[in-house]
Amino acid sequence: MKILVGIKRVVDYNVRVRVLPDGSGVDIDGVKMSVNPFDEIALEEALRIREAGNADEVIVVSAGGDEVQQQLRTGLAMGADRAIQVKTGEPLQPLSVARAFLKVVEREGVELVLLGKQAIDDDNSQTAQMMAALWDRPQATFASEVKLDGGKASVTREVDVGLETVEVDLPAVVSVDLRLNEPRFVKLPDIMKAKRKPLETVSLEDLGVAVEGNLEIGSYEPPQPREKGIMVEDAAQLMGELKNRGLL
Amino acid sequence: MSEREIMEYDVIVVGAGPSGLSCAIRLKQKKPELTVAVIEKGAEVGAHILSGAVIEPEPLDELLPGWKDTPPPVCIPVERDEIWLLRPGGKRLRLPTPPQQKNHGNYIVSLGAMCAWLAEKAEALEVDIFPGYAAADIRYTADGAVGGIIVGDMGVDRDGQPKDTYMQGIEIHAPLTLISEGVRGHLAKRLIARYDLAADCDPQTYGIGMKELWRVQPGKAQPGLVQHTAGWPLDSHIYGGSFIYHLDKDRIAIGFVCGLDYQDPEFKPFEAFQQMKHHPMVREMLEGGEILSSGARAISEGGYQSLPKCEMPGALLIGDSAGTLNVPKIKGVHQAMKCGMLAADHLAETGAVEGFDAKLRDSEIVRELHRVRNIRPAFYKGFWRGFIRAAIETVTLGKLPVTTAVHADDTALKKVDEYSAPERHWVERDLPPRDRLASVYFATTEHDEDQPVHLQIIDPEVCTTRCVTEYNNPCTRFCPAQVYEMTGEGDQMALQINAANCVHCKTCDIKDPYQVINWVTPEGGCGPIYQNM
């Protein structure tokens with residue numbers, strides 16, 4: 001069985017992100033970029049499935065310019081067998097990514113797609129669901145446990161009321177949540193090995209996917225800064241201040 | 001515990017700073033067949049380095065001719081210099097610019113961004129760069145020489161036990177190791193002791209440098225303006241001052257350096273930095289702006305007198321791991337780069353470490369240090385006497401036949417009952433950051449809490465039995481990240497180490513009067529993620 005893991009290049013989760021002064025976007029000048037943390041968890045799960053003997057190949061795929069090759073190499077260093085860059089210079093929305101990944105799925109004969117539940121930059125949580133719908137296959141999202149048995153996957157999902165376990169027939173799309181696993185560290189020698197693993201580049205056009213955009217970003221605003229408070233000496237002063245502000 | 005996996009290289013460089021990267025690039029330029037690796041504990045190149053910085057470009061011209069066609073991302077030519085003496089009550093006095101501070105032809109850069117840019121050049125020459133991995137230990141050969149390094153284990157819990165993610169660090173074997181960890185490197189500290197490299201020199205002395213990168217209101221920044229201040233908020237017995245470098249895109253790099261040989265046990269370097277920002281001249285620039293990034297790092301101030309022997313079996317000390325910064329210029333990058341390049345030239349020519357130290361001592365790098373060797377120590381007797389002596393040394397080009405000895409920092413602190421601080425006229429503050437914790441937020445420092453504490457206290461009893469009465473636990477004040485806190489009272493008093501706050505500045509390792517704090521590297525990839533610093 002082949003597993004496809006989609007990864008996204010995002011601003012590192014530690015970075016203190018700020019909005020550009022004109023509100024047109026987020027300032028990513030000089031910031032550290034990393035693999036989306038949930039995608040790392042997805043890749044870790046794929047590697048464990050392969051190591052358990054239930055898959056023979058793990059392919060990582062990412063859509064974007066050549067800068068995403070850095071994240072693909074990280075994926076290869078973690079243990080993926082092959083990497084594919086879907087090359088485009090345009091910013092992509094989840095629908096285009098889903099269509100692009102699906103083309104790769106069809107080309108490669110992938111049976112299990114593992115994605116992070118959402119990207120930490122836009123928090124959309126759409127790609128997995130859209131892929132499953134376009135593919136007309138089952139989806140199991142927010143997975144905190146994945147068990148494979150024959151041609152089925154038993155997936156425990158973290159939902160608002162607790163845990164829900166669903167069984168899906170493969171091929172299927174699974175999106176992963178934080179508690180599924182803890183990704184492994186990369187060994188230095190594996191970074192060197194990753195340089196020799198195949199990284200294929202195929203353009204979005206060659207896959208036959210157009211850039212679609214039915215979402216339009218209006219503007220970005222930072223959260224309102226908290227106003228400075230005042231210290232009050234006693235209850236009487238507190239009452240006075242509350243009255244002054246028309247709160248009593 | 002199984003045998004560690006081994007990787008082999010001809011040369012291993014510890015630390016992706018200006019000296020290490022220049023050395024790696026030069027080595028590959030001279031001998032492309034050599035296999036060279038650079039290991040860096042920061043999550044990416046540039047994550048752990050910060051500096052003002054105004055740099056002299058000559059080493060760049062030599063190493064990478066034509067670099068100006070594709071300069072590093074933050075690179076502003078200096079337009080003019082201003083030196084100010086700040087006084088209490090918002091007063092100030094413009095001083096003439098001394099020759100060491102005439103920066104025409106120099107560039108204001110982000111050292112972190114420049115290192116990332118150098119790293120790209122190095123990778124293009126097939127240097128293997130490994131950020132996110134810490135050199136935790138030296139690997140010694142059978143005959144006791146340095147034979148490479150041992151990468152730190154990852155996935156170890158607070159008690160030293162392997163977690164599920166445990167990954168044993170590999171050994172990198174190399175006949176030649178370059179120690180370019182920067183100021184007070186933890187491996188350098190061990191090697192200097194082991195090979196007695198400081199036998200014939202004065203102790204190294206340091207300053208703490210704290211920096212913030214601000215985005216200010218449009219029009220406030222004047223790109224290319226280089227300002228330095230002395231005087232307030234320090235008193236005449238603390239060496240130090242500020243730098244204010246105006247960048248592009250409405251950004252200002254502002255920072256403060258204090259010599260760590262200060263005597264006042266109650267002194268708070270971070271607070272002094274924040275006070276400086278409230279002087280009307282500075283406040284006017286910052287008002288209405290926002291902090292983009294902040295951080296701190298020790299700088300080496302000993303210069304010529306404190307330079308240890310830089311060669312040992314199998315390894316060389318380069319850059320500020322040796323201590324090549326020129327204090328009156330407050331510039332160390334050009335020195336570090338030249339030192340790295342000299343090491344590369346020597347290794348390419350001879351294939352061995354022997355003879356590097358002699359070449360270094362004979363080089364322009366050390367000649368430059370020699371010329372200014374008496375300026376920093378002149379300030380041991382206070383600001384005004386230092387100022388006059390510094391002027392004399394400058395005019396005589398350092399040719400006077402005397403060399404003032406350099407003193408250590410950890411013995412400089414006076415006990416609480418032996419020192420009363422002068423009135424410094426500090427003011428109420430309202431500019432951000434509110435305090436050290438708010439500042440650490442902008443350093444974006446992160447450590448997995450479940451790992452061994454990387455600040456080893458050799459004798460924890462000292463903190464609650466002796467230090468508390470003698471010095472009132474100065475670590476709680478000199479650490480810019482509030483790592484150290486004393487909790488409880490009386491019998492319940494204990495030292496609490498908030499290791500996760502650490503920004504890897506090394507000030508505690510330097511200034512602790514009992515020298516019981518030993519900074520070692522935490523798991524690779526931890527610590528700050530400085531951006532454009």
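**Domains, chains and helices**

Analyst: In this predicted model, 8 residues of domain 1 of chain B are in contact with 8 residues of domain 2 of chain B.

User: Which classes are on the domain 1 side of that contact?

Analyst: The side of domain 1 of chain B that touches domain 2 of chain B has 2 nonpolar, 3 polar and 3 charged residues.

User: Where do the two domains of chain B run?

Analyst: Domain 1 covers 6–66 + 113–202 + 304–371, and domain 2 covers 433–519. Their centres, taken over C-alpha atoms, are 28 Å apart.

User: And between chains, how many residues does the contact take from A and from B?

Analyst: Chain A gives 14 residues and chain B gives 21 residues. On the chain A side, 6 are nonpolar, 2 polar and 6 charged.

User: Switching to helices. At what angle do α3 and α4 of chain A cross?

Analyst: Roughly 55°, with the axes of α3 (residues 94–108) and α4 (residues 127–135) coming within 9 Å. Angles of 65 to 115 degrees would count as roughly perpendicular and those under 35 as roughly parallel, so α3(A) and α4(A) are oblique to each other.

User: Left-handed or right-handed?

Analyst: The crossing of α3(A) and α4(A) is right-handed. Among the residues making the contact are A:Phe101 and A:Leu102 of α3(A), and A:Met130 and A:Trp135 of α4(A). By class, that contact has 11 nonpolar, 1 polar and 1 charged residues.

User: What about α12 in chain B, how many residues has it?

Analyst: Helix α12 of chain B (residues 383–395) has 13 residues and reaches 18 Å from first C-alpha to last, close to the 18 Å expected. Just after α12(B), B:Leu397 has a positive phi of about 55°.

Notes:
Residues numbered from 1 in each chain as written. Chains lettered and ligands numbered in written order. Predicted model: local features only at pLDDT ≥ 70, side-chain atom pairs only at ≥ 80, totals over all residues. Contact = placed C-beta atoms within 7 Å. Nonpolar A, V, L, I, M, F, W, Y, C, P; charged D, E, K, R; others polar. Axes fitted to C-alpha atoms, helices over the stretch in contact; angles between N-to-C directions. Helix = DSSP H or I, 4+ residues; strand = E, 2+ residues; numbered from the N terminus. Parallel < 35°, antiparallel > 145°, perpendicular 65-115°, else oblique. Left-handed = near helix turned anticlockwise from the far one by under 90°. Expected span 1.5 Å × (residues − 1). Domains from an automatic or database assignment.
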